[in-house]
Structure formats: structure tokens, C-alpha cells
Amino acid sequence: MATKRAAESTLYHVHPTGFWKKFRDAVVVNPELSSGLPIPTMNRYPQPASRPERYSSPATKASDPVQNPYWKRDVRRAYPQLSMVTQSELSQLLLQHSRAPAVAPPTEVKEGDKPSPPVAAALPEAVELTTAISEITGANKVYSSSKLPPRIPSPFKRWTPDLAEDAPHDPNAYFPMLMYK
């Protein structure tokens, strides 16, 4: 006949001694129950914080103060840097990018000759921003019915009102309501 074996519940737990054992035996309903407190020397081996050696963090480039100055680590003062564009610079950029790019004509390069360096396009003179905008929009139409301005993308279909058939009502009565679908 096979007997059912189970782990002993009180084997690795602390038991009261002396007066507290007699008190527990008198008060507790089932004195064979475990106290629930594990024996420290048998529960975890080796016990936490019982090893004699101490942990030392490995040396890295970040742990060397010479290679890791404070100003590189100080993220509190890493403010975003502002960039300024004046109206005259903006007008020059608008005029420069509205024109076709200047391309140097092809030249023949003979053997032994150095190719000539590319010629940089001259920046247009500084003009007022309103003058530059009117010059660009006057030269070519910016938006038309075929070339519409960009829209903010939306995942939802735009509703267009379509007139639906009227709701049932007396044909001679005043009925100002219009139904849309």
C-alpha cells in the first residue's frame, strides 16, 4: 500500500521555546502548525549580506573624472539653442529658391588640365520681405484650383452635406426643416 508523502511543514521553521512554547500549546487550536518563520541559517544559503568580499563597480570611461567632466553630464542646463533668421535673410532665401538653379555650361577638359571649380550662385541683393513675397507670387501663381494648398491630414472622412428627401408632412403646411444625409 502506497503512503502519501508530504513535506514536513515545521522542519525549516522556528519553534518557540520555554514559556512561549507552553503558552502556544495552551492557546493555539492546532499546535502542530508551523510558526511561519523560516530558520535563517537553513532558508537561504549563503544568507544575504553574509559574503566577506565587497562589490566594486568596474572601471569605465565614465567613472574616470578626467574623461567625464561635469559640463558633459549636466543635462539640466542643456537648453535648446535658438536660431535667428532676419527678414532680409529670409527674403534672400525665398528669392534664391524661387528661381531655377544656375548651372555652369559644360566645358571640355583636356588631359593634364585641372577641371575648373564650380561657380557659386550669387546671392540676390537684400530686399524687404514684403517685396520678395510679392515678387515671387507675381512671377508664378502659388495656388490655383488644380494646385491647392496643403491640408492637415485627418483619418476621418470630411462630411459633405447632401440634401435628402423631405420627412413626411402635410404638403400645404409650413415645414422649414431640411433633411441632410
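This is a guided tour of the model, going from the whole chain to selected side chains.

The model is predicted, and local features are taken only where pLDDT is at least 70, with side-chain atom pairs counted only at pLDDT 80 or more, while totals for chains, interfaces and linings use all residues. Residues are numbered from 1 along each chain as its sequence is written, and side-chain values rest on heavy atoms, with hydrogens and water left out.

**The whole chain**

Begin with the protein in cartoon view, where the secondary structure comes to 5 helices and 0 strands, in the order α-α-α-α-α from the N terminus on. Helices here are DSSP runs of H or I with at least four residues and strands are runs of E with at least two, both numbered from the N terminus.

Of the 181 residues, 7% count as buried, where buried means under 20% relative accessible area, exposed over 50%, and partly exposed in between, with a 1.4 Å probe and protein chains only. Among contacts with a separation of 6 or more, 45% are accounted for by residues 24 or more positions apart, a contact being heavy atoms within 4.5 Å.

**Helix α1: the aromatic side chains**

Select residues 19–27, which make up helix α1 and include Phe23, and show the side chains of Phe19, Trp20 and Phe23, which form one aromatic cluster. Rings of Phe, Tyr and Trp (for Trp, the six-membered ring) pair if their centres lie within 6.5 Å, and planes under 30 degrees apart count as stacked, over 60 as edge-to-face and the rest as tilted.

The structure holds 3 aromatic pairs. One of them joins Phe19 and Trp20 edge-to-face, at 5.1 Å centre to centre with 70° between the planes. In the pair of Trp20 and Phe23, the ring centres are 5.7 Å apart and the planes stand at 85°, so this pair is edge-to-face. Trp20 and Phe23 are 3 residues apart in helix α1, and therefore separated by about one helical turn. Trp20 is exposed, with a relative accessible area of 55%, whereas Phe23 is partly exposed at 41%.

**The salt bridges**

A salt bridge is a side-chain nitrogen of Lys or Arg within 4 Å of a carboxyl oxygen of Asp or Glu, and a search of the whole structure finds 3.

- Stay on helix α1 and select Lys21 and Asp25, which lie 4 residues apart, about one turn of the helix, and form a salt bridge whose closest N and O atoms are 3.4 Å apart. Asp25 is partly exposed at 37%, and Lys21 is partly exposed at 41%.
- Go on to Arg51 and Glu53, whose side chains meet in a salt bridge at 2.4 Å, N to O. Arg51 is exposed at 53%, while Glu53 is partly exposed at 44%.
- Finish with Asp74 and Arg76, whose salt bridge has an N to O distance of 3.4 Å. Here Arg76 is exposed, with a relative accessible area of 56%, but Asp74 is buried, with 12%.
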